Amino acid sequence: MTIREVLKMGDPRLLEVAAPVARVGTAALRELLTDMQDTMRHLRGAGLAAPQIGVGLRVVIFGVDQNPRYPDAESVPFTILINPVLTPVGKAQEDGWEGCLSVPGMRGLVPRYRELRYQGIAADGKPIDRTVRGFHARVVQHEVDHLDGILYPRRIRDLTRFGFSDVLFPDQDLGDD
Ligand code: NI
């Protein structure tokens, strides 16, 4: 079990475009996935992308099971997604509050596609192909943005809706990040 340091906004590694994973099932990839899971659970995150721990590969993990950081969110099955490809279903977008382990202590209102098809590879090499909506679709878009060097503050349209979690939501225990 290894909890890795999560890079914070301002680190240039968070702005790089990550490279596709060439082979699944390698020891190095297994170790990366274990570290990502340990780190995400330790920090009570809804998701984590490999570049956030300094690894420039197209790997994300996510999953929400009554996460206290997202008290209003529906649950999202724990998923390991390698080399993801996103295809919005329709053009409709909706605003929702997001936080990020790389932007600790803050929240912003971010527009995302309401419905989304995502494809990719699971840890065992099997294909993943799902069409989802709402918070599930939001989490996937947020995590995959990390693979293209985009942190959510760049997606905020109205910067008056960006601030410190404990000020925006004083009655909620959103943790430190
Ligand atoms: Ni993030």
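**Exercise 1. State the spacing that the donors of the nickel ion follow along the chain, and characterise these donors.**

Step 1. Along the chain, the spacing of the donors is C-x41-H-x3-H. Donors are N, O and S atoms within 2.8 Å of the metal (3.2 Å for Na, K and Ca); water is not among the atoms, so sites may look incomplete.

Step 2. The protein donors are Cys100 (SG), His142 (NE2) and His146 (NE2), at 2.1 to 2.3 Å from the nickel ion. Cys100, in the loop between strand 4 (93–98) and strand 5, and His146, in helix 2, link distant parts of the chain, being 46 residues apart. Helices (H or I, at least four residues) and strands (E, at least two) are DSSP runs, numbered from the N terminus.

Step 3. Cys100 and His146 are both buried, where buried means under 20% relative accessible area, exposed over 50%, and partly exposed in between (1.4 Å probe, protein chains only). His142, found in helix 2, is buried because its relative accessibility is 6%.

Step 4. Leaving aside neighbours within four places in sequence, His142 is in contact (heavy atoms within 4.5 Å) with Glu98, Gly99, Cys100, Arg112 and Tyr152.

Conventions. The model is predicted: local features need pLDDT of at least 70, side-chain atom pairs count only at pLDDT 80 or more, and totals for chains, interfaces and linings use all residues. Residues are numbered from 1 along each chain as its sequence is written, and side-chain values use heavy atoms, with hydrogens and water left out.

**Exercise 2. Explain why strand 2 is described as largely enclosed by the rest of the structure.**

Step 1. Strand 2 (residues 59–64) has six of its six residues buried, and it is therefore largely enclosed.

Step 2. Both faces are covered: one side carries Val59, Ile61 and Gly63, the other Val60, Phe62 and Val64, all of them buried.

Step 3. Strand 1 (residues 47–49) pairs with strand 2 in the antiparallel sense over three bridges; pairing requires that DSSP finds at least two bridges between two strands. Here Val60 is the bridge partner of Ala49.

Step 4. Strand 3 runs antiparallel to strand 2 and is joined to it by five bridges. Thr79 in strand 3 stands opposite Phe62.

**Exercise 3. Determine which residues lie nearest the centre of the second largest pocket, and classify its lining.**

Step 1. Of the 13 lining residues, Arg112, Tyr113, Gln141, Asp145 and Arg155 lie nearest the centre. Strand 3 (76–88), strand 5 (106–113) and helix 2 (134–147) are the elements that give two or more residues to this lining.

Step 2. By class, the lining has six nonpolar, two polar and five charged residues. Ala, Val, Leu, Ile, Met, Phe, Trp, Tyr, Cys and Pro count as nonpolar, Asp, Glu, Lys and Arg as charged, and the others, Gly among them, as polar.

Step 3. On a 1 Å grid over the protein atoms alone, where a 1.4 Å probe fits, a pocket is an open set of points with protein on both sides within 12 Å along at least five of seven lines; lining residues have an atom within 4 Å of a point.

**Exercise 4. Describe the setting of Arg161.**

Step 1. Arg161 lies in the loop between helix 2 and strand 8 (162–164). Because its relative accessibility is 36%, Arg161 counts as partly exposed.

Step 2. Not counting residues up to four places away in sequence, Arg161 touches Trp97, Arg107, Gly108, Leu109 and Ile156.
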